[in-house]
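Me: I'd like to learn how to read a protein model. Could you walk me through it, one feature at a time?

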Amino acid sequence: MTAPLLEAKGIVKRFGTVEALRGADFTVLPGEVVALIGDNGAGKSTLVKTLSGIQPHDEGELRFEGKAVSIPSPVAARELGIETVYQDLALAPELDPAANLFLGREIVRSGPLGFFGFLDKAAMQQQTNEAFDSLGVRIQDREATVATLSGGQRQGVAVGRAVTWASKVVFMDEPTAALGVDQTRNVLDLIRRTRDQGISVVLISHNMPEVLEVSDRVEVLRLGERVAQFEAAQTSMEELVGAMTGALGREVA
């Protein structure tokens, strides 16, 4: 088996007397799409927040490229090459796609103008166009504000931003929620293109047909623990649902 790129071992997270994660394990292999699934309350969001540096865990170990690491903040995650596309997308609606792509990473102009904080908007627009073209992100007016774009186009901007800055792993939390058929197809294509660029994708989704279509592997959380792992090509929707509900028992590999 390929050595894991990112690995969580025995992760425990408590909120007062509530134990959201009860020794959860999770593995991301290089260059794969791995789906993280589970019923509501299974601990998916808590685990993703731990792995992306939003909230610390109480017990357990995180390993990245074979070494024990601490991910105390989103900045620390980004330094490892980990980016996250949140369900609310976290975009600035009144800015255009290029400004969103470079939000917090703006390119300043060279010379005296740069000293006074003038931005190199042409360079940012060019790099945005290159990123979108390589991923197949289709936006007719790339100078329009994000607020005027469709849901699928906004999702494309968020994914494009994450992939542009990620070098290792992208977490995508329910990326097709509330999207139409065509927009969903575009997002699934984006996930494949991201993987094809050598970046691992962690897909958090409740949509089992999409999980089976786009994933290489599936890991199942139930009541704060990993209870099953599947090769997507060798499993079925019934088997996934059985693992989620507990019908298959514990730790099916």
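**Reading the model, feature by feature**

Reply: Let's begin with a helix. Helix H5 (residues 121-135) has 15 residues, and at 1.5 Å a residue it should span 21 Å; its end C-alpha atoms are 21 Å apart, so the two agree. The expected span is 1.5 Å times one less than the number of residues. Helices (H or I, at least four residues) and strands (E, at least two) are DSSP runs, numbered from the N terminus.

Me: Where do these numbers come from?

Reply: This is a predicted model, in which local features need pLDDT of at least 70 and side-chain atom pairs count only at pLDDT 80 or more, while totals for chains, interfaces and linings use all residues. Residues are numbered from 1 along each chain as its sequence is written, and side-chain values use heavy atoms, leaving out hydrogens and water.

Me: Which residues of H5 are buried?

Reply: Buried means under 20% relative accessible area, exposed over 50%, and partly exposed in between (1.4 Å probe, protein chains only). In H5 the buried ones are Ala-123, Met-124, Gln-125, Thr-128, Ala-131, Phe-132 and Leu-135. They pack against helix H3 (97-101), H6 and helix H7 (181-196). Just after H5, Gly-136 takes a positive phi of about 75 degrees.

Me: What is Gln-155 in contact with, leaving aside its neighbours within four places in sequence?

Reply: Contact means heavy atoms within 4.5 Å. For Gln-155, that gives Val-85, Leu-89, Pro-175, Leu-179 and Val-187. Gln-155 sits in helix H6 (residues 151-165) and has a relative accessible area of 5%, so it counts as buried.

Me: And strands? How many bridges join E9 to E10?

Reply: Two strands pair if DSSP finds at least two bridges between them. Here, six bridges join strand E9 (residues 217-222) to E10, and the two run antiparallel. Val-220 stands opposite Ala-228 in E10. Five of the seven residues of strand E10 (residues 225-231) are buried, so E10 is largely enclosed by the rest of the structure. The hairpin has two residues between the strands, and Leu-223 there takes a positive phi near 50 degrees.

Me: Which other residues have a positive phi although they are not glycines?

Reply: Glu-65 is one, at about 50 degrees, and Glu-174 is another, at about 45 degrees. You'll find Glu-65 in the loop between strand E4 (59-64) and strand E5 (67-69), and Glu-174 in the loop between strand E7 (169-173) and H7.
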